[in-house]
Amino acid sequence: MTSSTSAHDDDGITLVELIVYIVVLGIVMSVITMLFINTWKAQASVTSQTQATTRGQLVSSEIERAMRNAVDFKVLDSGATLEVNTSFTGDRQCQGFALTGAGLSMTISSNTTEPAIGTWPVWQERVESVSGVPLFTELDTTGVAYAFDATSDSAPVRFTGDTYTRNQTLGTMGGCWE
């Protein structure tokens, strides 16, 4: 006599197997979700830092350009404002930079009458002074030091530099905002 074993048909999975698969799938999906979230946060941080760096470089280059072409300049308001009489003619002769609560304001004009700083348009937002340091410091009759933070969503980007005139300064604003 031969004994025959009856074949069991397993057409599905057991409840225990189903629970194990669901738990493993949940863990895998959680890891993938966290990877996406961390990647997104890192990308947002890098984008914010890049924007702050670009903003700071633009501010630095404009200040340096104005000072390179200056025939005279004034540092006012305890270092919060820089007024420059440039060698440019016409509408670009008088240039001013002022740190306000809204950011860095800038004005460019040919006016002989100084416009009130409160009327200068905000040129760059998210620009702040370095704690305890004025934005502008007069170095001598031919130069200015500047220091500011371009803020971002993560950490500020600090910019500092010295810039000097390449023109012979005349010691007068020469009709510029006098």
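A salt bridge here is a side-chain nitrogen of Lys or Arg within 4 Å of a carboxyl oxygen of Asp or Glu. The views below come from a predicted model, which holds 3 such salt bridges.

**View A. D149 meets R158 in a salt bridge.** Their closest N and O atoms sit 2.9 Å apart. D149 has 7% relative accessibility, so this residue counts as buried. R158, on the other hand, is exposed, at a relative accessible area of 52%.

**View B. A salt bridge links R126 and D153.** The N to O distance here is 3.3 Å. R126 sits in the loop between β5 and β6, and D153 in the loop between β8 and β9, so the pair ties together parts that are 27 residues apart in sequence. D153 is exposed, with 65% relative accessibility, while R126 is partly exposed at 36%.

**View C. R65 and E62 pair up within helix α1.** The closest N and O atoms of this salt bridge are 2.8 Å apart. Because the two residues are 3 apart in the helix (residues 15–68), about one helical turn separates them. Both R65 and E62 are buried.

**View D. Strand β4 pairs with β3 and with β5.** β3 (residues 94–100) runs antiparallel to β4, joined by 7 bridges, and the two make a hairpin with 2 residues between them. C94 has S109 of β4 as its bridge partner. β5 (residues 122–124) also pairs with β4 in the antiparallel sense, over 2 bridges; look for L104 opposite Q124 of β5.

Notes:
Residues numbered from 1 in each chain as written. Predicted model: local features only at pLDDT ≥ 70, side-chain atom pairs only at ≥ 80, totals over all residues. Heavy atoms only, no water. Pairing = 2+ DSSP bridges. Helix = DSSP H or I, 4+ residues; strand = E, 2+ residues; numbered from the N terminus. Buried < 20%, exposed > 50% of the residue type's maximum accessible area, 1.4 Å probe, protein only.
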